[in-house]
Amino acid sequence: MKAVTLVIALLAVALAAGCGTKKGFEKPGFAFGCPIGESKISSMEDLVKAKVAKEGSKSPDVEIEEIRCTTTGDLMKIDVVVHNDESDVERLQYKFRWIDAEGMRAADEESWKPLLLYGNSRQTVTTIAPNAKARDFKFIFMGQD
Amino acid sequence: MRPLPGATSLLTWLILASLAVAGSGCAAFRSYKAEMDKTIALASAGDINGAIKVLDSNNKSKDKDLLYDMEAGELRRLKGDFQGSQVAFTSADAKVQAWEEASKLNAARTGGSVGSYLVNDKVRTYEGHDYEKVMVTTLMAMNRMDLGDWDTARVDIKRTHEREAMIQALREDEYLKVTEEARKKGARQNFKELNGYPVQTIDNPEVNALKNGYQNALSHYLAGFIYEALGEPSLAAPGYRTAIELRPGQGMLEDSLGGLEARLAAKDEGYCDTLFVIETGVIPGRASQSFNLPIPVGPQGRWIFISASFPTMPAVAPYNPPSVRVDKDLDVRTAHVLDLDSMARRTLKDDMPGIMLRAFIRLSSRAIAQYQMQEQIAQQQRKGQDTLGMSLGLLALQLGGAVTEQADERGWRTLPAHVTVARARLSRGQHNIDISTGQGRATFDVNLAGPHALVTARLLGGRPFTTPASSPGMPAAPLPAGSKSVAAPGADAVQVSVVNFDYPVAVSTPRRTVP
Amino acid sequence: MTLPTRLRVPSAVIAAGLALTLAACGGPKTKYGDAGSVETVTNQFGSTDLQMLAEQMSQSMLSEAPVISSGNLPIVTVQEVKNKTSEYIDTRAITNRMRATLQKSRKVRFATDQAEMQKQIDEIQRQQSEYYDQNKSTEVGKMVGAGFRVTGEITSIVKEDKKIKDVYYQLFLSMTNIQTGIEEWSDTKEIRKTTEK
């Protein structure tokens, strides 16, 4: 019986912790560390929807699972988890677009970076803002031809 | 009225032949070998102007072809007319670039225009052998260096390795295509099956040791030297490295790569890093020779032997100077970086399957016509009919074939057969250079200035002659008075140019003066 | 009258002529492209490789090198990045791109490097000449030396058989404190490219 209570207790803690990160409103205007401005974002799905854009006609069969942000010094650092839930290999290309406090482009357009995802695999794409002016971003991806 | 069967096939053939000849002008009857043998004999005897005159008289048309541009460029270079040489090479280069564009667009087109399936390889537009395309920009780079413009030489040398990479990509699958097509058509495409073909001349260890017929260690070594002189070690290193990969086991090349860091770090102590480029001999030309090509005809698939001409290459004994003697007592060892002789043979060997396939297709219709006519003659003879007209037709057919069937002998003939390089750290100022020519010794003086210099010499059969020395930033200065080149009687002619790379010396290179 | 079968040959001539005419029609076309697009024309070192390596390296420096992320505006000089491949890779093109990215981040400043030194000296000496107003001219001995130097090398492994060509590139860079000789940051970035023939 003791073991069962322990499991329940652990589950409760895990759930609470999970909810904690899920809400993740450590500061107003931020979700999961990422800037969201005035928009209402209550879940990871909402955040992904707000920050990710598909371009081009070939859309690869992948899912953006998570986006998390933090800062190093005054530069924004971002992790994007890409998930390929099919068994086929997916080849995509991505880039980040940086936006400053006024909503203007904060840096030159990045070049496309190729990415290979094996079947049923996840990969974390990481990046750091090119300068301190960059206050917001978009993750852009498309299929490789 | 029933048409005479023999007459019809004769007519067909005449249409075909006249069509092809009309399309090609006189190209089908021109012997490039005969033309160039004369030109080279004059150049070897030291009469470069005479050689150019002969070349011009053989190319009177206003639109000069690639071959003319290449030969003219090299002859003018021999004369020391680097500016004029550059004009000719620039024109040649434009034609090679057009070929590059076209081949990138359609890899199949590189197999040659359709015309040659019908008559002869000779009527095809001359597109240049691959090693020639690489040599055009290599020599352009050397001309630029001779003119004192090492910065633009860098551009030419960069284009050389880009061109080489492009050719490599193109050739990789092309060979497979030809083999496949030959297999489908049932053609014999191995030159070893041509009775009496001098197999040894194009199938020997030297030829087979080459990775391919176009990669050129001289251009890569030169790239290393130019990039090093311009202070770009990250680009110099792959130049030396590729040269070593292409011509392995030569200490001189390995030292160039191994010592790169040390040379760049060294302080300027008044020395001149001198590169000697010594060109020897003349590249072998293709010579047309007749062989019997077996072609299957008739319902039983009988083999008919049709006389056809194929290019061959006579063997030539190589000569390379083992060392360069400086100031009578210092022997600088050489490295044999470029074996154009073997590259020409390798190119012929690689071309043979395609040449044989085209000959096979071209001659098949003639073989069929010949076979049918022979059959008819035999038939009519059996019936006791007159076969005179028919026999005349057969004769005309065979004669017509003999006239149009001359192998394509074209190729850049004024190129040297071999190139060796030597490198020495010499004090700036005047030096006496002495090179063994195989038959005697050729000596000349050079005046070295600046931290880098290029000295080129061409040993060409005949009597000696020299051209002015030159240097970057300070182009072609005449050799100091009193200096002349001397050779033993009967020795090779020597054409010399000296280039001193001087511009970093203006205030010396950064890494030399700045602690 | 029936056409003799042998006359088939001229029809081949006509067909061939037609093919030639058709082939002549399609000329090369030039268009402007996206300089940042993924380039896979050949498997030699290309524009995408250069962009990726430079971008990833500068990102790594911005986030992983404490002297930079602390916002102290360190002064850095870029030394030669050794090319250990057999390909003509201009490593200065990689470091130049990194320099431009880092410069714009306003986290790093760059001191004159070896390759630029001569031009720097030339200009100072020119301003020292009698033609210039000496009160407004640059003085000798005022250049600021770098506190850190960046250097590295690029290597490649190429494997090839009849069907596949595989190329692997690795760029290694490090940043060293010139005064102390302590390596403050280093990183490797790699690229693998495979071409099926």
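Contact here means heavy atoms within 4.5 Å. With that in hand, let's look at chains B and C. This is a predicted model, where local features need pLDDT of at least 70 and side-chain atom pairs count only at pLDDT 80 or more, while totals for chains, interfaces and linings use all residues. Residues are numbered from 1 along each chain as its sequence is written, chains are lettered from A and ligands numbered from 1 in the order in which they are written, and side-chain values use heavy atoms, leaving out hydrogens and water.

The table uses "buried" for under 20% relative accessible area, with exposed over 50% and partly exposed in between (1.4 Å probe, protein chains only). Helices (H or I, at least four residues) and strands (E, at least two) are DSSP runs, numbered from the N terminus.

Along its sequence, chain C reads α-α-α-β-α-β-α-β-β-β.

Now for the core. A nonpolar core is a set of buried Ala, Val, Leu, Ile, Met, Phe, Trp, Tyr and Cys residues joined through side-chain atoms within 4.5 Å. The largest one has 97 residues, and Tyr197(B), Leu293(B), Phe310(B) and Met352(B) have the most contacts inside it. Helix H15 of chain B (residues 340–383) supplies the largest share of this core, twelve residues. Take Leu293(B): setting aside neighbours within four places in sequence, its contacts include Leu194(B), Ile306(B), Phe310(B), Met356(B) and Phe360(B).

Asn204(B) sits in the loop between helices H9 (199–202) and H10 (205–209) of chain B. Asn204(B) is buried, at 12% relative accessible area. A polar atom of the Asn204(B) side chain lies 3.0 Å from the backbone nitrogen of Val207(B). Asn204(B) and Arg346(B) are 142 residues apart in sequence, yet their C-alpha atoms are 9.4 Å apart.

Finally, a helix pair. H3 (residues 48–58) and H4 (residues 66–79) of chain B pack at about 170 degrees with axes 10 Å apart (axes are lines fitted to C-alpha atoms, for helices over the stretch in contact, and angles run from 0 to 180 degrees between N-to-C directions). That makes H3(B) roughly antiparallel to H4(B), a label for angles over 145 degrees. Among the residues that meet are Ile52(B) and Leu55(B) from H3(B), with Ala72(B) and Leu75(B) from H4(B).

Technical notes. Polar contact = N/O pair within 3.5 Å; in protein donor to acceptor, adjacent residues only side chain to side chain. Parallel < 35°, antiparallel > 145°, perpendicular 65-115°, else oblique.
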